[in-house]
Amino acid sequence: MTIFSVQSTIFSRASVVLLSSNGFKRFSFASSFSSSAVYSPPLPKMKKRRYPIVSAVDIGGVTISRNDVVRDDDPTNNVPDSIFSKLGMQLHRRDKHPIGILKNAIYNYFDSNYSKKFEKFEDLSPIVTTKQNFDDVLVPADHVSRSLNDTYYVDSQTVLRCHTSAHQAELLRKGHTRFLVTGDVYRRDSIDSTHYPVFHQMEGFCVFSPEDWNESGKDSTLYAAEDLKKCLEGLARHLFGSVEMRWVDTYFPFTNPSFELEIYFKEDWLEVLGCGVTEQVILKQSGLENNVAWAFGLGLERLAMVLFDIPDIRFFWTSDERFTSQFGKGELGVKFKPYSKYPPCYKDISFWISDSFTENNFCEVVRGIAGDLVEELKLIDQFTNKKGMTSHCYRIVFRSMERSLTDEEVNDLQSKVRDEVQKKLNVELR
């Protein structure tokens with residue numbers, strides 16, 4: 001489960017949208033969009049240096065061209081080629097990949113315990129409307145996740161989904177009441193070993209009718225909450241074995257009450273997932289006002305890194321056989337054996353920031369130049385001088401997972417980062 005953001009203005013223009021039917025896969029044109037969302041200034045378009053430009057990707061048998069997603073003619077578009085190239089990869093559909101292995105293990109749990117009552121959707125288009133991504137799951141109009149700083153926008157009304165919950169309302173309106181949705185999700189984020197702008201989520205949803213809780217003699221919300229906890233405690237045991245668990249009360253805009261499940265694993269408490277009893281307004285908007293439901297969401301990378309001992313999230317995207325050959329279909333929890341540890345190269349960059357500077361925009365610039373060769377980006381120093389100017393100093397760690405980098409190529413990357421940062425982010429280098 002995830003939480004997101006907005007502000008307010010009106011856009012009205014024609015735009016390509018991938019509408020969601022059974023597979024959310026059919027192209028349609030919508031025009032004269034209007035919404036109440038104000039956008040922060042977009043990150044200026046950058047020339048992509050290290051990524052071959054992919055002309056099209058295939059999702060569920062539908063071809064999506066680069067021009068449909070990377071829109072140079074739209075000032076709200078902030079999708080770079082490096083992100084577009086990930087759209088058709090669908091790691092969750094690879095049975096011998098840690099993400100696919102984990103997904104199938106969760107499927108096995110639900111099939112074994114619920115007699116295949118949960119429908120599975122894993123090929124839904126990641127291109128959704130802002131209504132699907134935010135409004136349908138009650139994301140507040142002033143939430144930060146709606147900004148261009150946090151979300152990849154195709155245009156003012158179309159985004160790359162930030163969470164699999166974006167398909168929840170559509171599936172409910174089509175009559176699906178018990179389902180699992182798995183897919184790649186996209187967020188502009190920081191750079192370190194556990195964060196990546198593309199990752200994978202699974203959403204679970206279950207609707208109950210009055211007959212279900214009336215027979216139990218319990219209040220509908222209590223009935224759903226107890227059923228949810230029983231289901232997810234079983235899932236945690238299925239994945240991690242006999243572990244100590246605890247429930248933590250939390251907040252999500254689309255569930256009430258809301259919980260996080262934590263397990264005691266390797267001498268520490270690990271957050272496994274977020275969940276809760278679905279807000280009644282979501283069910284009412286889908287024609288299910290007399291029902292109650294629960295929902296959960298989990299990040300597959302987060303759990304896979306723990307279960308398979310994978311130290312860096314970038315490994316999931318490598319095609320290096322030294323990584324991919326270590327995993328087999330159905331082999332949950334095989335421990336990753338590091339094949340080498342190549343030396344890091346540290347480069348610092350300092351500059352005076354402007355009022356429009358954000359760290360996510362800086363990360364996007366660095367990713368656009370260095371791609372997966374950048375391991376971490378960290379603020380190591382900041383101060384404000386007597387004139388009121390603020391300086392930031394960042395340390396960039398360059399390290400390949402597959403080979404040793406040369407001084408020449410790292411210096412070249414750093415030079416390009418300095419040029420692009422000054423040019424694109426309105427900062428003054430020190």
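The model is predicted, so local features need pLDDT of at least 70 and side-chain atom pairs count only at pLDDT 80 or more, while totals for chains, interfaces and linings use all residues. Residues are numbered from 1 along each chain as its sequence is written, and side-chain values use heavy atoms, with hydrogens and water left out.

**Nonpolar cores**
- A nonpolar core is a set of buried Ala, Val, Leu, Ile, Met, Phe, Trp, Tyr and Cys residues joined through side-chain atoms within 4.5 Å, where buried means under 20% relative accessible area (1.4 Å probe, protein chains only).
- The largest nonpolar core holds 72 residues, among which Phe-110, Leu-160 and Phe-240 touch the most other members.
- Helix α7 (residues 220-240) gives this core its largest share, ten residues; helices are DSSP runs of H or I with at least four residues, and strands are runs of E with at least two, numbered from the N terminus.
- A second, separate core has 24 residues, including Ile-369 and Leu-425.

**Cysteines**
- The count of disulfides, pairs of cysteine sulfur atoms within 2.5 Å, comes to zero.
- Cys-363 is buried at a relative accessible area of 1%, and Cys-393 is buried at 10%.

**Strands β3 and β4**
- Strand β4 (residues 62-65) pairs with β3 in the antiparallel sense over four bridges, pairing being defined as at least two bridges found by DSSP.
- Two residues lie between β3 and β4 in their hairpin, and Gly-60 in the turn has a positive phi of about 60 degrees.

Key:
Buried means under 20% relative accessible area, exposed over 50%, partly exposed in between (1.4 Å probe, protein chains only).
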